[in-house]
Each structure stands twice: as C-alpha cells, then as structure tokens.
Amino acid sequence: MMDANQLRSTFTGFYAERGHAVVPSASLVPHDPTVLFTIAGMVPFKPYFTGEETPPWARATSVQKCFRTVDIDIIGRTERHCTFFEMLGNFSFGDYFKSDAIPLAWELMTEVLGIDAGRLWVTVHESDDEAREIWLDAARVPEGRIQALGEDNFWKMGDGGLGPCGPSSELFYDRGPAYGAEGGPAHGGEERYVEIYNLVFMQYNKLADGSLADLPGKSIDTGAGLERNLPMLQGVESLFETDVFRPVLAEAEEITGVRYGADVHTDVSLRILADHARAMAMVVADGVLPANEGRGYVLRRVIRRAVRRAFQLGVLEEFTPRLVATVAGVLGGAYPTLVDDLDRVQDTVAREEGAFRRTLDAGSVILEEALRDGTGRVSGATAFRLHDTHGFPIELTMEMAAEAGVEVDTEGFEREMEAQRELARADARRRRQALGDESTYRGLLAESGPTRFTGYEHYEEPSRVVAVLAGSQPGTAEIVLDRTPFYAESGGQVGDTGVITTETGRARVLDTQNVIPGLVVHRATIDEGGELFPGQDALAVIDAGRRESTRRHHTGTHLLHSALRQVLGDHVRQQGSLVAPDRLRFDFSHPKAPRPEELAEVAEAANADVLSDATVEVIETSRAQAEALGALAFFKDKYGDRVRVVRAGVHSTELCGGTHVDALGMIGPITIVSEGSIGSNTRRIEAVTGKGSLALLAESRRTVDEAARLLRVESGGVLEALQKVLDRQREAEKELQRMQGARLQEEAARLAQRAENGVVVHRQDGLPSEQLRDLAQAVQRHGARVVVVAGSPGGSKVAVAVASGDQAVDAGSTAKELAQMVGGGGGGSAELAVAGGSDPAKVDDLLAEARRRLGS
C-alpha cells in the first residue's frame with residue numbers, strides 16, 4: 001500500500017528524473033489578483049504561461065496546496081469531493097507538448113504507480129484528434145476506451161474562466177459495476193468513473209471579451225488530485241478512508257460521540273467536519289483570518305459550517321482546536337509551517353468558533369421572531385440580514401423554518417445576495433479599468449523589452465524615450481523609458497516623482513507605475529511649449545528628498561513589523577501597507593487592541609534597532625536560501641529563481657523589492673501616531689520617522705509649553721496643575737447639578753399646585769429632553785396624576801416628556817402621538833416617555849392637544 005508521503009515523492013521523483021525542477025508548494029493565498037485562493041496547481045505558474053514573465057525552468061513538477069469552494073454544498077454528500085486538496089502536477093513552459101505529456105502520464109500511472117491499465121479510460125476534447133491519435137499510438141489505449149467530450153474537456157480558470165486555457169485530456173479509473181452503469185465517463189456516473197489525472201494542453205489565453213488569443217508558446221499543465229488517487233492505491237472505498245482523512249474523521253467521531261457508518265445523515269456531518277478541519281487549518285496557517293469579505297469570508301463560512309454541523313450532532317463544547325491539531329499531525333510532515341504555527345491556528349479557529357456560537361444564539365432569536373409573525377414566510381430581507389449581519393447560514397435558516405412549517409423566500413434572498421455581488425463586480429470592473437490599455441502596454445513590452453530599473457544605485461539616469469502615450473487626464477502623458485531610476489509603486493511603497501528632460505521638453509513626473517510586469521510607466525505633465533518624442537535621449541531625475549523620506553519610512557515599516565512580532569507574538573502577519581514620504585501605515589493580523597504599554601514596548605523595540613545603527617544588508621539569492629535565512633514573505637508568494645532579501649538589523653529579515661536606508665540610524669526616531677481596528681482580526685498602525693517624527697515631537701513640546709503658560713506653572717508641573725483644574729471643575733459641576741436639582745424641585749412643586757384634575761400641561765423652554773423628563777417625574781412625585789412638559793431646548797428642536805400614574809393614560813403612546821404634531825417621534829414605557837420633534841412653532845398646538853385629551 002502506498003501512503004500519501006510516498007505518492008508525493010514518487011510523483012515528483014518520476015518527473016525530476018526526466019528533467020523537471022521540483023518546485024515547493026506556493027501559498028494558498030495567490031499572487032494572482034483574479035482568484036481569491038490557489039485553486040489549481042498552475043496558478044503560481046500563470047505568469048509563465050501568459051508570457052508576462054520568463055520561467056526559470058523549462059519544465060517543473062510540484063505538489064501544490066489548493067482550496068476550492070465551488071462544490072462546498074455537496075461536500076460530505078459525496079465521498080469524492082473536498083475543499084482543501086493537494087494537486088500533483090507536471091508543467092512544460094513552451095518545452096514539450098502533447099506527444100511527450102501523454103506517454104509520460106501513461107507510464108507514471110500504469111508502470112510506476114501500478115494502476116491496472118485495463119481499468120483506465122481516456123477522454124479528449126471533441127476537436128482534438130491529435131490527442132486521440134497519441135493515446136492510440138504512443139500509449140496503446142484501446143480505441144473503445146477513448147471518448148470525445150465537449151466543454152468538460154476544455155480547461156479554464158475559476159468561474160470567470162479568464163486567463164490561460166486549452167483543450168484537455170483526462171484519465172478516469174473504472175471502479176467497477178458495483179458503482180454504476182457501463183459506458184465510460186461519457187455515459188456512466190461519476191461514482192463509477194473517477195477522474196484521476198487531467199492533462200491540459202495550454203495554448204490559449206481567454207480575454208475579458210470572451211475571445212481566445214494564442215499564448216506565446218504551447219505549454220503543458222497537468223493535475224492529479226492526491227486525494228483522488230489515494231483510494232485506488234490504498235484499496236479503500238473513498239478518500240475519507242485514506243491516511244490523509246481517516247485520523248481526522250476518527251477525531252470527529254471522538255468529539256461527537258457518533259460512529260462513522262452508523263447513519264447516512266450523521267456520516268455527512270462527520271465528513272464535513274473532517275474536510276472543513278483540513279481546510280480551516282491550512283488556510284489559517286497561510287495567514288488568512290476570518291473576516292466579512294474576500295478570502296476571510298470564505299474561511300469564516302467554512303469554520304461556521306463545521307460549527308453548525310457539530311452543534312447539530314450535540315457538541316456544545318469548543319472542538320475546532322482539537323480537529324486542527326489532528327490535521328497538523330497528518331499533514332505536518334509535508335507542510336511543517338502547520339506544526340510551527342499550530343498555536344496561532346488553534347487560537348484563530350477557537351475565537352471564530354466562540355463568536356459563531358454567540359451568533360447562532362442571536363440569529364436564532366431574530367429567526368424565531370420572524371417565524372412567529374403570522375405571515376407563514378421568512379422574507380428574503382430577513383434571511384439576508386441573518387446571513388450578512390449575523391453570519392447565519394441560509395441552509396440553517398431554511399432548516400429551522402421547515403421545522404416550524406414555514407418557507408423561506410429564497411428568491412428574495414438571492415436578489416439581496418446578487419445586489420451585494422454586483423457591488424463587488426462593479427468594484428472589480430473599476431479596478432480592471434484602472435489598469436489602462438493593457439494591449440498597448442503588452443505591445444510596447446514585446447517591441448522594446450522590459451524597463452530596466454537602476455534606482456537602487458542611482459537617483460538620475462541617462463535613458464531613451466521608448467513611448468509617449470496620452471494620459472488618462474487632459475494635459476497628462478504616460479512616458480516609457482528604456483531604463484529608469486524611478487521606483488514604480490509596489491509592495492506598499494509609493495511611486496517616485498521627479499523630472500524627465502529631453503532637448504525638446506521637460507516632463508514633471510507625478511507618479512510611477514508598473515502597469516504590467518516588466519513595463520514601467522511615468523505619469524507626467526509636460527511643460528507648456530515642450531514636447532517629448534520616442535527615440536529621444538532623456539535624463540531622468542527623481543525627487544531625491546522625497547525618495548529619502550520614503551526609504552526611511554520603508555525601513556521603519558520593517559522595524560515596526562519585527563517589533564510587533566517580538567511584543568505581540570509570531571502570529572502577527574502583514575495584511576497590507578503604505579509607505580509614503582510623509583508617513584507609514586502597516587496593517588497586521590491581531591485579534592484585539594494592543595494595550596498602551598504594549599504599543600510603548602513596540603515603539604521602544606523599533607527605536608532600539610534604530611539606535612543600533614546596524615547596516616542594512618540587501619542580498620539577492622534563491623528562494624530556498626532566503627527561507628533558510630529566516631526571511632518573512634506574506635501574501636506575495638511567487639515562484640522565481642531569485643529573490644531580494646532585506647536584513648535590517650538583527651531582528652528583521654524580509655523579502656522586499658523596495659528602497660531602504662543604508663544604516664538604521666538614518667531612519668531617525670520612529671513615532672507611533674495611531675493604532676486601531678480596520679476589520680475583524682486586523683489592526684492598523686500609523687507612524688512617522690525622521691523629520692516627520694521630529695516635527696511631531698516639536699509640536700508636542702510647543703503644546704506642553706503653551707499649556708504650562710496658561711496654567712502658570714513650569715512645563716514639568718503641567719499634569720499636576722491640570723489635575724487640580726479638573727478636580728475644581730468636577731466640584732463646580734456637582735454644585736451646579738445640586739443647584740439645578742433644587743431649582744427643579746421648586747419648579748415641580750409650583751407646577752403641581754397648579755394641577756387641574758391631577759393633570760399638569762406646561763411649556764418649559766431651554767431644557768434638554770433628559771431634564772424635561774426629570775421635571776415631569778418630579779411634578780408627578782409632588783402629587784400630579786399625569787404630567788406633559790414640552791419646549792424647545794435651543795430654538796430648532798422640540799423635546800416632549802410625559803409621566804403618568806394613571807392606568808388609563810399610556811405615557812409612551814401619548815408622547816409618540818403628540819411628537820408627531822411637531823414632526824418627530826419617540827416613546828417609552830406606560831409610566832414614562834420622552835419624544836422629540838423638529839418644528840418649535842407648533843409646541844403650543846401640541847400642548848393644547850394634550851390639554852384636550854387629558855381634560856385639563
């Protein structure tokens with residue numbers, strides 16, 4: 001029997017012996033912005049297929065972590081689908097094509113893995129006669145076991161399908177007559193004919209308009225799901241009985257007290273728990289945190305789906321940390337970071353589980369109210385509110401409604417969801433439009449080659465004008481040079497500004513952008529009367545002062561990052577950043593607000609590194625060597641043979657392409673300006689360095705000195721003097737409240753004496769609503785049965801207070817109805833209510849109506 005580790009090594013070893021570079025798995029968080037997660041083995045290689053980047057190898061093989069939720073609704077209901085999976089793959093980047101890929105796949109499957117060739121079927125695209133002939137001639141597959149299919153055999157990326165694509169050929173394993181009808185993959189069911197290897201002949205690039213453009217070179221992208229192949233190799237019925245699933249399933253049995261195989265319904269829940277445990281563990285380990293949007297929302301849905309299933313099986317105690325620990329035991333050998341980060345992973349899933357248990361309770365209250373409203377239907381708006389605000393799965397809403405004999409307006413829910421999705425799509429369209437005319441950029445890149453960046457060494461550079469394009473705004477232009485010292489915005493660092501000069505004109509560069517990989521565009525205005533032409537010699541000069549400030553902030557960001565990890569823990573991971581000449585902003589993962597003393601410790605640690613004045617080292621090396629050096633790289637994982645490592649002192653080592661100071665002392669003091677939450681589990685810290693920090697400190701000093709002058713003390717005595725002022729103010733406020741209370745009681749006694757039939761209706765201007773309320777209560781305590789007091793607190797609003805000791809007079813409804821006369825509303829209890837309005841001119845009409853109603 002072959003276990004998972006053996007299958008991984010056998011697959012990559014087979015292709016390594018045939019000239020393929022063995023490439024480690026990329027993160028589940030892709031560099032490609034068109035997908036939320038790495039959904040296929042080819043995603044990290046996409047720039048090589050499209051020709052955007054030059055691959056460092058002609059052929060490669062990998063075992064890639066993948067995560068898909070397109071089939072999440074059937075997870076657990078079948079025994080062959082999973083959300084997290086490992087994709088075994090071999091790739092050719094313009095090297096070999098069909099005639100080599102097909103025989104290699106057949107040799108691996110039948111001779112190396114030992115799968116019975118008589119149980120294998122092949123499908124090809126209906127237009128791909130070439131692939132059919134290769135299967136017949138090179139692999140000697142019987143013609144009767146090769147079937148032609150349509151769209152099922154044309155591979156494309158994700159739901160939108162944009163990007164590299166092409167016809168595919170798939171290998172299927174026939175599990176036998178016990179699992180369904182004869183007829184091969186084209187006619188038999190998926191339970192019998194299981195896809196085990198997919199060979200994609202990558203030759204097209206699907207564009208946004210739906211057209212197919214030829215890729216620069218014909219390539220190969222294959223995928224063999226590890227979890228799909230293991231049941232065959234281990235002689236078991238389903239992937240849930242293989243060595244990558246069974247221990248997790250067993251832990252789910254132990255947690256729930258339910259035995260797998262005892263009941264088809266509970267089996268579904270146990271399979272969901274096992275699958276979702278693997279998914280949540282791996283996704284969190286790669287730095288994703290639960291959130292209300294994007295990939296964080298997908299993770300949140302997976303965790304909450306598991307919690308709901310456990311709840312249905314009677315699990316009332318926290319369980320997700322136990323499940324992910326078991327996952328770490330199973331997958332930790334292949335993915336060591338899962339073991340290294342296990343504490344953080346357990347803490348993250350435990351907090352999300354606890355939050356959803358509370359959400360389940362709150363959502364249940366809202367749903368129960370909807371079920372009792374007498375309509376016999378839960379509206380789409382309510383279902384969406386439960387889903388969107390309280391994280392209540394629509395499936396649970398439908399299940400609870402069905403138990404009460406009530407239906408859910410799923411069409412209305414879908415309309416609300418579609419409106420939300422359309423907002424997301426509109427935002428995506430805006431982002432795509434911001435890229436400019438991509439075809440023009442690609443043409444320039446193909447014609448003139450990539451822009452050479454010289455800005456690490458030089459602040460000015462003689463260069464040649466490659467192109468001058470019309471800018472997006474009147475009077476602006478986009479200038480392309482063959483080489484440039486201008487840093488293009490990347491990694492959070494803003495683009496450089498400066499000047500480009502030729503013999504016929506001068507352009508003031510306002511921004512610099514890397515519009516497509518390899519091509520830098522300088523967005524500029526050209527001085528009046530001047531002009532720049534392609535082919536001209538130019539002198540490109542950046543704004544040196546601005547660059548100096550920017551690089552101080554960039555290195556300062558690295559120091560803050562390392563300080564946050566030192567003080568708060570290694571779970572801190574970069575979620576985003578802005579490095580500008582006047583400030584820095586750093587977003588990081590952390591579940592709660594740091595205490596003031598923790599922030600002080602962070603600032604102290606960062607500034608201690610500055611004072612060390614250590615040399616900042618920049619090393620260009622292999623990715624493997626960078627990882628050996630301990631370099632951090634979050635959310636920007638990207639395959640490549642060379643990476644740039646920035647070592648800023650003894651605490652900070654990161655992969656980074658930005659510009660940095662030469663020694664830490666050049667940063668100057670680092671001052672934290674603010675820290676706060678920007679979303680679930682995500683914090684933002686803002687700071688300044690160098691001159692900005694000195695200016696902030698000087699301003700703080702001026703403020704203290706001015707406060708000392710006003711308080712007539714020395715600067716060192718400001719706090720003590722200020723405390724005395726505050727103490728006197730509190731005493732004065734207490735005395736004022738006492739006097740106001742005494743005056744109110746006198747006024748209340750006077751009004752109570754004027755009561756008619758126990759009713760007091762009175763106009764009192766100048767008092768806010770809470771003081772009107774106190775007055776009404778005081779009048780009532782002096783013997784009045786019902787009190788209505790109204791007036792204008794400040795001339796533009798109306799306040800109304802009603803106090804009632806008469807069961808026949810409801811204070812809440814009375815206040816509400818009277819307030820409607822002055823354009824407002826409000827209410828309260830039957831005994832006491834406060835309301836407001838916006839039309840002071842009708843206060844007397846309100847009081848007249850109160851007298852009429854109450855017989856005063």
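# Briefing: sheets, helix packing and cores

Strand E30 and strand E31 (residues 832-837) pair in the antiparallel sense over four bridges, where pairing requires that DSSP finds at least two bridges between two strands. Strands (E, at least two residues) and helices (H or I, at least four) are DSSP runs numbered from the N terminus. This is a predicted model, in which local features need pLDDT of at least 70 and side-chain atom pairs count only at pLDDT 80 or more, while totals for chains, interfaces and linings use all residues. Residues are numbered from 1 along each chain as its sequence is written, and side-chain values use heavy atoms, with hydrogens and water left out.

- Gly-827 has Val-834 in E31 as its bridge partner.

**The three-stranded sheet**

- Strands E22, E23 and E24 form an open sheet in the order E22-E23-E24, with antiparallel pairing.
- E22 (616-621) and E24 (652-655) are the edge strands, and the twist averages 20° from one strand to the next.
- Four bridges join E23 (residues 643-648) to E24, with Val-646 opposite Glu-654 of E24.
- Helix H17 (residues 544-568) lies across E22, E23 and E24 at about 115° to E24.

**Strands E14, E17 and E18**

- E18 (residues 519-526) is joined to E17 (residues 505-516) by eight bridges in an antiparallel arrangement, and Arg-508 stands opposite Thr-525 in E18.
- The hairpin formed by E17 and E18 has two residues between the strands, and Gly-518 in the turn has a positive phi of about 100°.
- E18 also pairs with E14 (residues 476-481), antiparallel and over four bridges; here Glu-478 has Arg-523 of E18 as its bridge partner.

**Packing of H8 on H10**

- The axes of H8 (residues 264-285) and H10 (residues 320-331) come within 9 Å and cross at roughly 75°.
- H8 and H10 are therefore roughly perpendicular to each other, a class that covers 65 to 115 degrees.
- H8 contributes Leu-273, Ala-277, Arg-278, Met-280, Ala-281 and Met-282 to the contact, and H10 contributes Thr-320, Leu-323, Val-324, Val-327 and Leu-331; contact means heavy atoms within 4.5 Å.

**Nonpolar cores and a buried asparagine**

- A nonpolar core is a set of buried Ala, Val, Leu, Ile, Met, Phe, Trp, Tyr and Cys residues joined through side-chain atoms within 4.5 Å, buried being under 20% relative accessible area (1.4 Å probe, protein chains only).
- The largest core has 110 residues, and Phe-67, Ile-115, Trp-135, Leu-171, Ile-196 and Tyr-197 have the most contacts inside it.
- H8 gives the most to this core, with 11 residues.
- A second, separate core of 25 residues includes Leu-559, Val-572, Phe-586 and Leu-664.
- Beyond its neighbours within four places in sequence, Phe-67 has contacts that include Leu-28, Phe-37, Phe-85, Ala-279 and Val-302.
- Asn-198 is located in strand E8 (residues 193-206) and is buried, with a relative accessible area of 10%.
- Not counting residues up to four places away in sequence, Asn-198 touches Trp-155, Ser-168, Ser-169, Glu-170, Asp-221, Thr-222 and Gly-223.

Key
Axes are lines fitted to C-alpha atoms, for helices over the stretch in contact, and angles run from 0 to 180 degrees between N-to-C directions. Angles under 35 degrees count as roughly parallel, over 145 as roughly antiparallel, 65 to 115 as roughly perpendicular and the rest as oblique. Buried means under 20% relative accessible area, exposed over 50%, partly exposed in between (1.4 Å probe, protein chains only).
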